[in-house]
Amino acid sequence: MLKNVVEYRIDRRSGVATYLQIVQQTQQALRLGLLEPGDKLPTAREVVEATAINPNTVLKAYRELEREGLVEARRGLGTFVRRTLGAAPADSPLRAELADWARRAHAAGLDREDAAALFGAVLDENFPKGDQ
């Protein structure tokens with residue numbers, strides 16, 4: 001059950017609340033198939049040790065994930081994935097194509113924010129807001 005372990009990375013300059021970064025990173029791992037039903041999330045203590053954030057922040061994120069029905073807390077055992085999201089496995093051929101695009105964008109001189117803005121614009125053009 002511990003085969004898939006998510007490692008949270010906190011960007012203190014992003015303007016996104018820390019607990020939301022944990023929620024979003026967990027959701028991304030679920031979408032990519034990096035976390036699957038039955039997998040255990042890191043304990044709050046493990047996340048605190050790895051990221052130097054407040055334990056209550058981790059607990060708030062886990063409560064939000066639980067509220068969304070994605071995870072469940074089992075007293076004395078930890079927090080476990082209940083269900084997955086999306087259908088874009090990490091080994092998808094589309095991922096390889098996207099990685100190639102990202103390398104070309106970087107080689108062309110785009111920084112991370114420029115590439116993200118360009119990709120976001122293309123997503124908006126190809127996925128109308130009602131297609132969620």
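## A walk through the chain from A52

A52 has a relative accessibility of 63% and therefore counts as exposed. The residue sits in the loop that joins helix 2 to helix 3. The model described here is a predicted one.

Five helices and two strands make up its secondary structure, and from the N terminus on they follow the order α-α-α-β-β-α-α. The C-alpha trace spans about 50 × 30 × 30 Å along its principal axes. Of the 132 residues in the chain, 27% are buried. The chain exposes about 9,300 Å², with 53% of that area supplied by carbon and sulfur atoms. Among contacts with a separation of 6 or more, 59% are between residues 24 or more positions apart.

The largest nonpolar core holds 20 residues, and I22, L41 and Y62 have the most contacts inside it. Helix 1 (18–31), helix 2 (44–51) and helix 3 (55–67) are the elements that give two or more residues to this core. L41 shows which parts of the chain meet there: leaving aside neighbours within four places in sequence, L41 is in contact with V6, Y8, T26, L35, Y62, L65, V71, T79 and V81.

Helix 1 can be followed in more detail. It has 14 residues and reaches 20 Å from its first C-alpha to its last, close to the 20 Å expected at 1.5 Å a residue. Its buried residues are Q21, I22, V23, Q25, T26, A29 and L30. These buried residues pack against helix 2, helix 3 and strand 2 (78–81). Just after helix 1, G33 takes a positive phi of about 80 degrees.

E64 and R67 both lie in helix 3, three residues apart, about one turn of the helix. An α-helix has 3.6 residues a turn, so residues three or four places apart point the same way. E64 forms a salt bridge with R67, in which the closest N and O atoms are 2.7 Å apart. R67 has a relative accessibility of 61%, over the 50% cut-off, and so counts as exposed. E68 lies in the loop between helix 3 and strand 1 (71–74). E68 counts as partly exposed because its relative accessibility is 26%. Not counting residues up to four places away in sequence, E68 touches V23, Q27 and R83.

The count of salt bridges comes to five. One of them pairs R9 with E7, the closest N and O atoms being 3.9 Å apart. R9 is exposed at 59% relative accessibility, and E7 is exposed at 60%. Another joins D11 to R13, with the closest N and O atoms 4.0 Å apart. Here D11 is partly exposed at 34% relative accessibility, whereas R13 is exposed at 79%.

The last stop is a nonpolar part of the surface. L98, F119, L123 and F127 form a patch there, with about 350 Å² of accessible area together. L123 belongs to helix 5 (residues 112–126). Its relative accessible area is 33%, so L123 is partly exposed.

Terms used. Residues are numbered from 1 along each chain as its sequence is written. This is a predicted model: local features need pLDDT of at least 70, side-chain atom pairs count only at pLDDT 80 or more; totals for chains, interfaces and linings use all residues. Side-chain values use heavy atoms; hydrogens and water are left out. A nonpolar core is a set of buried Ala, Val, Leu, Ile, Met, Phe, Trp, Tyr and Cys residues joined through side-chain atoms within 4.5 Å. Buried means under 20% relative accessible area, exposed over 50%, partly exposed in between (1.4 Å probe, protein chains only). Helices (H or I, at least four residues) and strands (E, at least two) are DSSP runs, numbered from the N terminus. Contact means heavy atoms within 4.5 Å. Patches are made of residues with over 30% relative accessible area and no salt bridge: like charges are joined within 9 Å, nonpolar side chains (Val, Leu, Ile, Met, Phe, Trp, Tyr) within 5 Å. Accessible areas come from the Shrake-Rupley method with a 1.4 Å probe; for residues, only the protein chains shown count as cover. A salt bridge is a side-chain nitrogen of Lys or Arg within 4 Å of a carboxyl oxygen of Asp or Glu. The expected span of a helix is 1.5 Å times one less than its number of residues.
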